[in-house]
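Subject: Structure for you to look at

Hello,

Here is the structure I promised to pass on. Please open it and keep it beside you while you read. My findings follow below.

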Amino acid sequence: MLQRIQTIWTLLAVLAAVFLFITGQDVVISDSIPLLNMGCIILVIIGALSIFSFKNRKRQILLNTISIIINVLLIGVLAYWLLNLSGGIHFPEKGIEPIFPLIAVICLLIANIYIRKDERLVKSVDRLR
């Protein structure tokens with residue numbers, strides 16, 4: 001399971017979501033709904049499901065695609081939050097929260113490339129039988 005390269009990329013995306021959860025504790029879009037924290041928890045759950053469904057590659061691609069969509073939405077939420085803060089965007093003052101979803105999107109795209117490569121390899125072997 002962990003010896004596959006796509007699992008490593010998916011694990012890196014999950015770690016990026018965990019780091020976003022840790023560093024983004026002060027980012028709350030509204031007073032009652034901590035949108036960022038819920039998104040991070042959902043991303044960790046979907047990432048764990050994707051890692052443990054290594055035998056079903058189509059499900060893995062679907063879960064990674066859902067994670068990519070959620071990460072893009074989180075990038076939008078973080079950009080909205082940064083633009084509404086006073087003083088403009090200065091990363092040393094504002095934090096590095098938007099970097100983590102971007103890293104996760106890149107890792108998940110690379111993982112999907114390797115999953116599709118495995119799927120093509122399995123189909124080509126099945127043709128030889």
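The chain has five helices and zero strands. From the N terminus on, the elements run α-α-α-α-α. Please keep in mind that this is a predicted model. The chain holds 129 residues, and buried residues make up 38% of them.

**Helices α1 and α2**

Start with this pair. The axes of α1 and α2 come within 9 Å and cross at roughly 160 degrees. That angle makes α1 roughly antiparallel to α2, because angles over 145 degrees count that way. The crossing of the two helices is left-handed. On the α1 side, the contact is made by Thr7, Thr10, Leu11, Val14, Ala17, Val18, Leu20 and Phe21. On the α2 side, the residues include Leu36, Cys40, Leu43, Val44 and Ile51. What kinds of residue make up the contact of α1 with α2? There are 13 nonpolar, five polar and no charged residues.

**Helices α2 and α3**

Next, follow the chain onward. Helix α2 covers residues 35–52, and helix α3 covers residues 57–84. Their axes lie 9 Å apart, and the helices pack at an angle of about 160 degrees. So α2 and α3 are roughly antiparallel to each other. Their crossing is left-handed. By class, the contact of α2 with α3 has 13 nonpolar, six polar and no charged residues.

**Asn71**

Find Asn71 in helix α3. Is Asn71 buried or exposed? Asn71 is buried, with a relative accessible area of 3%; the cut-off for buried is under 20%. What does Asn71 touch, leaving out residues up to four places away in sequence? Asn71 touches Leu43, Pro101, Ala104, Val105 and Leu108.

**Salt bridges**

How many salt bridges does the count come to? The count comes to two salt bridges.

One joins the side chains of Asp118 and Arg4, at 3.6 Å from N to O. Asp118 lies in helix α5 (residues 99–128), and Arg4 lies in the segment before α1 (5–23), so the pair ties together parts that are 114 residues apart in sequence. Asp118 is partly exposed, with a relative accessible area of 25%. Arg4 is buried, at 16%.

The other salt bridge is formed by Glu119 with Arg57. Their closest N and O atoms are 2.7 Å apart. This pair also links distant parts of the chain: Glu119 sits in helix α5 and Arg57 in helix α3, 62 residues apart. Both Glu119 and Arg57 are buried.

Then look for Asp118 and Arg4.

Best wishes

Notes: Residues numbered from 1 in each chain as written. Predicted model: local features only at pLDDT ≥ 70, side-chain atom pairs only at ≥ 80, totals over all residues. Heavy atoms only, no water. Axes fitted to C-alpha atoms, helices over the stretch in contact; angles between N-to-C directions. Helix = DSSP H or I, 4+ residues; strand = E, 2+ residues; numbered from the N terminus. Parallel < 35°, antiparallel > 145°, perpendicular 65-115°, else oblique. Left-handed = near helix turned anticlockwise from the far one by under 90°. Nonpolar A, V, L, I, M, F, W, Y, C, P; charged D, E, K, R; others polar. Salt bridge = Lys/Arg side-chain N within 4 Å of Asp/Glu carboxyl O. Buried < 20%, exposed > 50% of the residue type's maximum accessible area, 1.4 Å probe, protein only. Contact = heavy atoms within 4.5 Å.
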